[in-house]
Amino acid sequence: MNQPDPKQLADRPWLDPDAQPQLLIDGVCKSFPGVTAVDAVSLQIYRGEMFALVGSSGCGKTTLLRMLAGFTQPTAGRISIDGVVMNAVPPHQRPVNMMFQSYALFPHMTVEHNVGYGLRRLPLEAAERQQRIQAALDMVQLGALGKRRPHQLSGGQRQRVALARALIRRPKVLLLDEPLSALDKKLREQTQFELMNIQYRVGTTFVFVTHDQDEAMALATRIAVMDHGRVIQVGTPAEIYEFPRTRFIADFIGTTNFFEGTVTAAADGCIRVHCTEAGGELQVEDRGAVRVGQRVWVALRPEKIRLAKQQPEGERLNCLKGVVAELGYLGSRSTYRVRTPTGKVLTVLGKNEQRTSEWSIDWSDEVFLSWNANAAIVLQS
Ligand SMILES: Nc1ncnc2c1ncn2[C@@H]1O[C@H](COP(=O)(O)OP(=O)(O)OP(=O)(O)O)[C@@H](O)[C@H]1O
Ligand SMILES: [Mg+2]
């Protein structure tokens with residue numbers, strides 16, 4: 001057996017069978033009258049992770065965070081941090097802090113006072129209190145703005161004040177519920193990088209909820225996808241994107257084209273799937289999970305499809321003819337909606353490499369779509 005690379009295990013402790021999770025969530029449930037908000041969730045989160053919880057509205061993300069923070073009691077299951085069971089520990093005694101979905105700063109208080117609020121119950125000397133406030137502000141690069149009030153800051157700066165306030169008690173685990181949702185797209189992207197830098201510098205474990213799948217992909221060490229209170233897949237962003245376990249996940253994270261079909265053959269490392277919507281058989285790399293005769297879905301990401309005006313030479317498998325029905329110009333890329341002879345419309349993402357080009361593909365052009373056997377995956381549900 002191959003020895004795992006120690007450097008890789010340091011970056012990916014979840015692959016190390018000897019690593020102890022910092023946060024252990026074991027069979028946690030929460031029922032409210034008439035609804036199971038969190039249903040037997042088990043997760044192991046490691047020190048220094050930036051762990052994302054994603055899923056549609058109402059799937060239980062906030063409820064799970066509230067149980068980690070101690071504001072809500074689980075109906076069943078166990079939560080431990082560094083080996084200590086937290087279920088009976090009140091919120092203010094947990095080594096955890098939570099930044100809420102709507103982080104209200106106190107409008108009448110200066111930035112310094114807002115940040116120092118978290119220390120109000122601690123018996124600190126004035127000098128030490130001030131020093132900790134300054135350190136927290138420096139950490140989020142707001143050291144010079146301590147005397148301002150919230151209305152004198154930009155949205156991104158306010159966000160960072162809230163973060164400094166949440167970090168000042170030096171929690172082992174910081175829970176962030178939609179931390180960047182109040183920001184516009186540009187500022188959100190910028191603040192994402194800052195959040196990553198801050199997390200890297202303080203080394204605190206972050207568990208964050210987001211509605212924005214791009215944000216989860218950009219920030220997270222790992223992502224847990226939730227649906228109706230359950231965790232349905234946990235993996236690195238690349239694992240979730242490349243190998244979603246179900247159609248729900250493939251569709252929730254990014255865009256996917258699906259062909260429903262039946263497995264007809266398996267040979268030479270590939271399987272054949274007969275898909276009526278593709279007008280015949282598709283060839284997909286055989287990952288050993290399905291058998292001949294089984295009903296499956298072939299899932300194909302838009303950027304893995306090649307688009308050409310001429311029919312590609314050679315292999316005719318995984319090659320469909322179509323007509324461009326819609327075209328969306330996105331600057332560096334374009335999305336094409338291509339209608340194939342069966343009526344099936346595929347989404348294709350193409351890079352715009354030339355500024356203007358006589359070769360460029362336009363609305364109502366006839367095109368050929370092709371992809372490699374390892375570009376698609378097969379899903380069973
Ligand atoms: N205190 C409560 N009493 C009763 N039901 C609740 C309570 N809190 C949450 N729920 C229900 O539990 C489910 C999960 O809610 P939760 O707030 O955890 O969802 P969420 O994933 O955070 O959603 P969103 O993305 O909209 O914030 C929902 O059906 C919600 O209505
Ligand atoms: Mg929520």
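Student: What makes strand 1 and strand 2 count as a pair?

Tutor: Two strands pair if at least two bridges are found between them. In this predicted model, strand 1 and strand 2 are joined by seven bridges in the antiparallel sense. They therefore meet the criterion for a pair. One of these contacts sets serine 31 against its bridge partner in strand 2, threonine 36.

Student: Which residues surround ligand 1?

Tutor: A residue belongs to the shell if its C-beta atom, placed from the backbone, lies within 6 Å of the ligand. The residues around ligand 1 are Phe32, Val35, Ala37, Gly55, Ser57, Gly58, Cys59, Gly60, Lys61, Thr62 and Thr63. Strand 2 (35–45) and helix 2 (61–69) are the elements that give two or more residues. Helix 2 gives the most, with three residues.

Student: What is the make-up of this shell by class?

Tutor: The shell around ligand 1 has four nonpolar, six polar and one charged residues.

Student: Why is helix 5 described as largely enclosed?

Tutor: A residue is buried if 20 or more other C-beta atoms lie within 10 Å of its own. Ten of the 13 residues of helix 5 are buried, so the helix is largely enclosed by the rest of the structure. The buried residues are Arg158, Gln159, Arg160, Val161, Ala162, Leu163, Ala164, Arg165, Ala166 and Leu167. Their cover includes strand 6 (96–99), helix 3 (111–116), helix 4 (126–139), strand 7 (173–177) and helix 6 (185–202).

Student: How do you know that the span of helix 5 is close to what is expected?

Tutor: The expected span is 1.5 Å times one less than the number of residues. Helix 5 (residues 155–167) has 13 residues, for which 18 Å is expected. From its first C-alpha to its last it reaches 19 Å, close to that value.

Student: How is the chain divided into domains, and what is the contact between them?

Tutor: The domain assignment gives domain 1 (20–250) and domain 2 (255–354 + 361–379). Their centres, taken over C-alpha atoms, are separated by 39 Å. The contact takes four residues from domain 1 and six residues from domain 2. On the side of domain 1 that touches domain 2 there are two nonpolar, one polar and one charged residues.

Student: What describes the chain as a whole?

Tutor: Its secondary structure comes to nine helices and 20 strands. Of its 381 residues, 35% count as buried. The C-alpha trace spans about 75 × 50 × 50 Å along its principal axes.

Terms used
Residues are numbered from 1 along each chain as its sequence is written. Chains are lettered from A and ligands numbered from 1 in the order in which they are written. This is a predicted model: local features need pLDDT of at least 70, side-chain atom pairs count only at pLDDT 80 or more; totals for chains, interfaces and linings use all residues. Helices (H or I, at least four residues) and strands (E, at least two) are DSSP runs, numbered from the N terminus. Ala, Val, Leu, Ile, Met, Phe, Trp, Tyr, Cys and Pro count as nonpolar, Asp, Glu, Lys and Arg as charged, and the others, Gly among them, as polar. A residue is buried if 20 or more other C-beta atoms lie within 10 Å of its own, exposed if 12 or fewer, and partly exposed in between; C-beta atoms are placed from the backbone. Two residues are in contact if their C-beta atoms, placed from the backbone, lie within 7 Å. Domain bounds come from an automatic or database domain assignment.
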